[in-house]
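Trainee: I would like to go through this model one contact at a time. Please show it, and then I will ask.

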Amino acid sequence: MTSLMLDEARAAAQAVAAQFMENESGFARLGARLRAQPPRSVVTIARGSSDHASAYFAYLVMARLGKLVTSLPMSLITLYRSPIEATDVLAVAVSQSGQSPDLLGPIRYLRDGGATTVAMVNDSASPLAAASEWVLPLAAGPEKSVAATKSFITSLTAGAALVAHWADDAGMLTALARLPEQLARAATEDWSAALEILKGADRIMVLGRGWSHPVAMEAALKFKETCAIQAEAFSSAEVKHGPMALIDDGYPILIFATRGPAQESLIATAREMRMRGAHVLLAAPDDVAERDLTLIVADEPELDPILAIQSFYPMVEALARLRGYDPDTPRHLSKVTKTN
């Protein structure tokens, strides 16, 4: 027996291929526009999984292009009516449905104030798309499971593709073209070793750092909404502060040690947590001998987190069913969330 969540997660590779085919000219035109008229800063507008995808986009923009990126607290506009300056700002809204009023208000405000506005949205006929100057369809297709999977992955790839075109980075563009086949492999990676450890867990920490931190946040959200596990995501640089006090014997910790400058510190954190008695699940590429879960790698290290979350989704779906939950219909949640 499978779920809609699992079926949709496994469809991510096809969705990404469709996205690249549908949006190639749009990405290229927007990238050229941003090179010709560089924004002074970037702001992202999103909630939930979309906000995690926005955080990944922010890491890439700051790392590759040197532009500061802020995640907009939307209530500053929707509730507090703050006079946010929008001239020469790039505003990127990310959403599956494109219907929530707390995205629409800010994108309209910022566009009226002179910002270049972009909607990365799965429903290209949505109010968010209509309110934005540029629309980059996620092309994930219908997503019926409440827990987002393929729309999250296509949000990650949309952000990466925009950065690659903006930077005019041929190497990144070539690596992105290889992603669909790599996603198909990542979706079949065996993470069943995590099930025995987590089937009775009531809490977990999920760690990342740098560009793997956004997928750690996404994984923590999925543990909460599909498995009813109290999950918290931290940077491995932050966990040694207050969160360290929570660690005791058997405390489960999932660590995404993707390649890049932060990998060594993530592996060192795994060793330290094991010494403190934690039950660590270290997800790392196959050249890391002490890994517990294997990560497929992309042609560019910055893209590894996309493949990591693809491998995570089938595991957390299986864990939800093992714990007696329906991953398609989490308690108290609906597919479209509308807040002001």
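Trainee: With which side chain does the side chain of Asp-292 make a polar contact?
Mentor: This is a predicted model, in which local features need pLDDT of at least 70 and side-chain atom pairs count only at pLDDT 80 or more, while totals for chains, interfaces and linings use all residues. Residues are numbered from 1 along each chain as its sequence is written, and side-chain values use heavy atoms, with hydrogens and water left out. A polar contact is a pair of N or O atoms within 3.5 Å; within protein, one must be able to donate a hydrogen and the other to accept it, and residues adjacent in sequence count only if both atoms are side-chain atoms. At 2.3 Å, the partner side chain is that of Arg-274.

Trainee: Which backbone nitrogen lies 2.8 Å from a polar atom of the side chain of Asp-292?
Mentor: Asp-292 sits in the loop between strand S9 (279-284) and strand S10 (293-294); helices (H or I, at least four residues) and strands (E, at least two) are DSSP runs, numbered from the N terminus. Leaving out residues up to four places away in sequence, Asp-292 touches Ala-193, Arg-274, Val-280, Leu-281 and Leu-282, where contact means heavy atoms within 4.5 Å. The backbone nitrogen at 2.8 Å belongs to Leu-282.

Trainee: Is Asp-304 buried or exposed?
Mentor: Asp-304 is found in helix H12 (residues 304-322) and touches Thr-258, Arg-259, Val-297 and Ala-298, not counting residues up to four places away in sequence. Buried means under 20% relative accessible area, exposed over 50%, and partly exposed in between (1.4 Å probe, protein chains only). With a relative accessible area of 2%, Asp-304 is buried.

Trainee: Which backbone oxygen lies 3.0 Å from a polar atom of the side chain of Gln-310?
Mentor: Gln-310 is also placed in helix H12, and its relative accessible area of 0% makes it buried. Among the residues that Gln-310 touches are Ala-9, Ala-12, Ala-13 and Ile-153. The backbone oxygen at 3.0 Å is that of Ala-9.

Trainee: How are H8 and H12 oriented to each other, roughly parallel or roughly antiparallel?
Mentor: H8 and H12 pack at an angle of about 30 degrees, with their axes 8 Å apart. Axes are lines fitted to C-alpha atoms, for helices over the stretch in contact, and angles run from 0 to 180 degrees between N-to-C directions. Angles under 35 degrees count as roughly parallel, over 145 as roughly antiparallel, 65 to 115 as roughly perpendicular and the rest as oblique. H8 and H12 are therefore roughly parallel.

Trainee: What is the angle at which helix H7 and helix H8 pack?
Mentor: H7 covers residues 150-167 and H8 covers residues 170-186, and their axes are 9 Å apart. Residues of H7 including Ile-153, Thr-157 and Ala-160 meet residues of H8 including Met-172 and Leu-173. The packing angle is about 160 degrees.

Trainee: What is the relative accessible area of Arg-81?
Mentor: Arg-81 lies in the loop between helix H4 (75-78) and strand S3 (89-95). Its phi is near 55 degrees, a positive value in a residue other than glycine. Arg-81 is exposed, and its relative accessible area is 63%.
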